[in-house]
Amino acid sequence: MSDSTNFPFHERRRQQFLDEYSYEGLVPFFEEDVEWCKTGAASPYKPNDDGIYRARRSGGLQSLQFTTYLYTGGESFERMLQQLIATIELYEAAQVLHPQAIKLQLTYNPIFEIYEPEILFDLTKLASLTVLFNHPDLTRRVNACVEQKELFNDAVYGYIVTGERVSDTTVDKQHQKRYQQLIDAIHAPNKDDALKSMHSYLKDWYKKHKGYLWHGSHERFTDDENGREVNDSYVGYWSFEAAAVVYRLGLDDTELHQYIWYPKDMVAYARTLATEAATEPTIPQPEPPPSRYTGYSVAVGG
């Protein structure tokens, strides 16, 4: 696959809202912040609080946003995968520290509060990316950080991580309303009907997520120290969950390319990975050496 970073920024970016000046300025910030979260500690709430748990957990979200930003900026899939793995490692570190954080009364909530719509959105994005990268091992690692097992019966999340229709309802009524057309696609009797539901879902995708912190972020500009306008809140608008469902269903997604938040090249990449895995030659295993056991016992020593 060609290296898209050789193209001018305005050609390689995946959404037109992103400008090169903001991108070049924000990438080092993301890199430094995520790196600090791997080893640093947030300011203590109280004397016995070392802040490590909060640093790792917030670092996971920061790293996930960075992964999204890299995609929007036209970076390679290999670069994205590296950041995705770093994201999961931070959440795993937070999961290990979680019992101690509860003991210190830093939190009573799980790592992923699935009844908070925006947190569930981020978790579903994370799981969807592991599926689109064809890394079931990473999907299992994400699932291991989810404490509320009822999520695995969620109509959207459950289908994305397993490829099986586990339910036709979501864990929360808000989610049901927001994702109903996506659920309809999952349970459609045929691919034509599934595609129609995907159209309905993606057509109003941006509007459905009104109220989320990232909604409208492409219009938020501030002046930097050089007096230039920068946007340090927009990381990209992407329906990775729709891409994961399309990939699982095996739909012809050509008609869906019209929606700017549909990550069409991510789906194509997932299919390329799946084809390569299916056609990879099996390495022949050597025959085991003949057994030297004769059936007779041998005395040792004596």
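Modeller: Start with Ser 22, which is in contact with Tyr 69, Glu 229, Val 230 and Asn 231, leaving aside neighbours within four places in sequence; contact means heavy atoms within 4.5 Å. The model is predicted, so local features need pLDDT of at least 70 and side-chain atom pairs count only at pLDDT 80 or more, while totals for chains, interfaces and linings use all residues. Residues are numbered from 1 along each chain as its sequence is written, and side-chain values use heavy atoms, with hydrogens and water left out.

Ser 22 is buried, its relative accessible area being 4%. Buried means under 20% relative accessible area, exposed over 50%, and partly exposed in between, with a 1.4 Å probe and protein chains only.

Ser 22 belongs to helix H2. Helices (H or I, at least four residues) and strands (E, at least two) are DSSP runs, numbered from the N terminus. H2 has 20 residues, 20-39, and at 1.5 Å a residue it should span 28 Å; its end C-alpha atoms lie 30 Å apart, which agrees. The expected span is 1.5 Å times one less than the number of residues.

At the N-terminal end, H2 is capped by Asp 19, which has a side-chain oxygen 3.3 Å from the backbone nitrogen of Tyr 21. Such a polar contact is a pair of N or O atoms within 3.5 Å; within protein, one must be able to donate a hydrogen and the other to accept it, and residues adjacent in sequence count only if both atoms are side-chain atoms.

Besides Ser 22, the buried residues of H2 are Tyr 23, Leu 26, Val 27, Phe 30, Val 34 and Cys 37. An α-helix has 3.6 residues a turn, so residues three or four places apart point the same way. The buried residues of H2 pack against helices H1 (9-12), H3 (52-72) and H4 (77-103), and also against strand S2 (229-230).

Cys 37 counts as buried because its relative accessibility is 3%. Its sulfur is 16 Å from the closest cysteine sulfur, in Cys 145, which is too far for a bond. Cys 145 is also buried, at 4% relative accessibility. A disulfide is a pair of cysteine sulfur atoms within 2.5 Å, and by this rule the count is zero.

In the loop between H5 and H6 lies Asn 134, which has a positive phi of about 55° although it is not a glycine.

As for the setting, the protein has 12 helices and two strands. Buried residues make up 49% of its 302 residues, and its C-alpha trace spans about 90 × 60 × 45 Å along the principal axes.
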